[in-house]
Amino acid sequence: MGFSTNYDDVQDFDLIPKGEYEVIIRNIEERTTQNGATGLNMTLVIRNDVEQKYKNRCIFHTLWKRREPTEADMQVQGYSFKQIMQLAKATMLPSGKSYETVSGLCADLINHVIRVTIDHEEYNGRTSERVKYMNSSKFSECRHIYKEKSAVTADAVAQRPQEQFAGSAGLGSLDDFEEILGDGDVPF
């Protein structure tokens, strides 16, 4: 059985043009660079449930800890209090909600939708996308479906990929739980 090339679903990975994009917060991780700078690395995915270009492309954005944090910044572990509050407001988290740590807030932000304005920035001779503004989404009801990447095996090629609505993550049961075998349980 043969096949033909088809480029309908193939995307170029040039710079995402400047402009506004509806995105969903896929992931937030705190990381420290080799130079010792710590930041909250956010993975934003351009939503596929809103009519816009570049659907499913990732935008990476980092909120950096302040070198000289103010008293307000210390409430959010040295990050910019203003930036953290702007992000929380953009996701429409309830005003006055309390958190013990920034990681607690970050966990609450996953799968929330926001609208970002992208600009371009040159750094070390390379141009890249930069999130300039974060605002509330114009489309608060989210039906984005993540495009999961899975390992390609002989069995996986024959199976249909599972789709999951972004807003339903974590709401399932343990019926899909699969026990992971340890080294002593494998026959080879």
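Student: Why is Lys 97 called partly exposed in this predicted model?

Tutor: Its relative accessible area is 43%. Buried means under 20% and exposed means over 50%. Lys 97 falls in between, so the label is partly exposed.

Student: What makes Lys 97 and Asp 108 a salt bridge?

Tutor: Their closest N and O atoms are 2.7 Å apart. The cut-off is 4 Å, from a side-chain nitrogen of Lys or Arg to a carboxyl oxygen of Asp or Glu. The pair therefore qualifies.

Student: Which parts does that pair tie together?

Tutor: Lys 97 lies in the loop between helix 2 (81-90) and helix 3 (102-109). Asp 108 lies in helix 3, so the bridge ties parts that are 11 residues apart in sequence. Asp 108 is partly exposed, at 23% relative accessibility.

Student: Why is Lys 18 called exposed?

Tutor: Lys 18 has 54% relative accessibility. Exposed means over 50%, so Lys 18 counts as exposed.

Student: And what is Asp 119, buried or exposed?

Tutor: Buried, because 17% relative accessibility is under 20%.

Student: How do you know that Lys 18 and Asp 119 form a salt bridge?

Tutor: The closest N and O atoms are 3.6 Å apart. That is within 4 Å, so the pair counts. The two residues sit in distant parts of the chain: Lys 18 in the segment before strand 1 (19-32), Asp 119 in strand 4, 101 residues apart. Lys 18, Asp 119 and Lys 132 are linked in a network of salt bridges.

Student: What does Thr 117 touch, beyond residues up to four places away in sequence?

Tutor: Its contacts include Lys 132, along with Gly 19 and Glu 20. Thr 117 lies in strand 4 (residues 113-123).

Student: Why is Thr 117 called buried?

Tutor: At 17% relative accessibility, Thr 117 is under the 20% limit, so the label is buried.

Student: What makes His 144 buried?

Tutor: Its relative accessible area is 0%. Buried means under 20%, so His 144 qualifies. The residue is in the loop between strand 5 (126-136) and helix 4 (154-158).

Student: How do you know that His 144 has a polar contact with Asn 48?

Tutor: A polar atom of the His 144 side chain lies 3.0 Å from the backbone nitrogen of Asn 48. The distance limit is 3.5 Å, so the pair is within range.

Student: Why is Trp 64 called partly exposed?

Tutor: Its relative accessibility is 42%. That value lies between the 20% and 50% limits, so Trp 64 is partly exposed. Trp 64 is placed in strand 3 (residues 58-64).

Technical notes
Residues numbered from 1 in each chain as written. Predicted model: local features only at pLDDT ≥ 70, side-chain atom pairs only at ≥ 80, totals over all residues. Heavy atoms only, no water. Helix = DSSP H or I, 4+ residues; strand = E, 2+ residues; numbered from the N terminus. Buried < 20%, exposed > 50% of the residue type's maximum accessible area, 1.4 Å probe, protein only. Contact = heavy atoms within 4.5 Å. Polar contact = N/O pair within 3.5 Å; in protein donor to acceptor, adjacent residues only side chain to side chain.
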